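These are my notebook entries on a single chain.

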Amino acid sequence: MHPMLNIAVRAARAAGNLIARNIGQQGQFSVEEKKKDDLVTDIDRECERTVISVLQRSYRDHAFLGEESGLTGNTESEFQWVIDPIDGTTNFVQGIGHCAVSIALKRAGKTEVAVVFDPLMNEMFTAARGEGASLNGRRIRVASRTALDGALICTAFPVRYRERMGAYLELFSNLIDNCADIRRTGCASLDLCYVACGRFDGYLEQGLKAWDFAAGELIVREAGGLVTDYTGTPGYVKSGNILCGNPNVVRALLNVCNPQDLPAILR
Ligand code: 2AM
Ligand code: CA
């Protein structure tokens, strides 16, 4: 295994143990609202400290971009670790066992290694650029479905961008008319990994932050998937409007994104 991936896996397991020990223990951890409907717990912060301290033991000159602590370490470094200590905090707070630790390493802006760890399923998704993607050490690939007919698609409501809801619901309606069914899980990093291993045929969400998708995006691409924004370009890196699947499914998903509604969704 890529040595940096090895360290990332170790960091993800350490934080994952904290998640597994604390989930379902409501009342034992503090819950705050960072913004309306955007939660953080002291376990998020403890997981982030744990991840950074494991990484820093091996890479003391690197930069760290964590959801909870922002940019720290050597901010001049070309190496930057992008960390979501608990992706799916709302699930975690509610005692719903679907959340993950997400860690990606970028070098000069390019993602080199990625880890998404689901501690409750004990599933470790990994990828290294040019070396493929794995689940618990076994190679994974995106599903081979060639159209939306029969497809299971994952998406999420734009609850943080309520002004987009009308346009999104139009899209949702087109989507449900054309695929087998839809899931909404509350954990973007695992949504991407589930596309990577073929559990979902496709996935689309809006307004994600870098730490939500940095790792999952490489895992999808290394599993043979395509990741774009709602117009078929790599604009998601900035906008966080992400759409993915195998190339055929991506083409089909882009077709249900009505260009008339796009301005409202992409605002
Ligand atoms: P989180 O649990 O780390 O906050 C659910 O659709 C996804 O949206 C989760 O991955 C969740 O990550 C993410 N999310 C929650 N609040 C967000 C925000 N303010 N901006 C972008 N993504 C967010
Ligand atoms: Ca988080």
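Which residues are buried in α1? I looked them up and found Met4, Leu5, Ile7, Ala8, Val9, Ala11, Ala12, Ala15, Gly16, Leu18, Ile19 and Asn22. Buried means under 20% relative accessible area, with a 1.4 Å probe and protein chains only.

I noted that this is a predicted model, in which local features need pLDDT of at least 70, side-chain atom pairs count only at pLDDT 80 or more, and totals for chains, interfaces and linings use all residues. Residues are numbered from 1 along each chain as its sequence is written, chains are lettered from A and ligands numbered from 1 in the order in which they are written, and side-chain values use heavy atoms, without hydrogens and water.

I checked the length of helix α1 (residues 3-22): its 20 residues should span 28 Å at 1.5 Å a residue, and its end C-alpha atoms are 30 Å apart, which agrees. The expected span is 1.5 Å times one less than the number of residues. After α1 comes glycine 24, with a positive phi near 85 degrees.

I then asked what the buried residues of α1 pack against. Their partners are α2 (42-58), β5 (79-87), α3 (89-94), β6 (100-107), β7 (110-118) and β8 (123-128); contact means heavy atoms within 4.5 Å.

For the whole chain, I recorded nine helices and 15 strands. These are DSSP runs, with helices (H or I) of at least four residues and strands (E) of at least two, numbered from the N terminus. Of the 267 residues, 55% count as buried. The C-alpha atoms fill a box of roughly 50 × 40 × 35 Å along the principal axes.

Note on methods:
Buried < 20%, exposed > 50% of the residue type's maximum accessible area, 1.4 Å probe, protein only.
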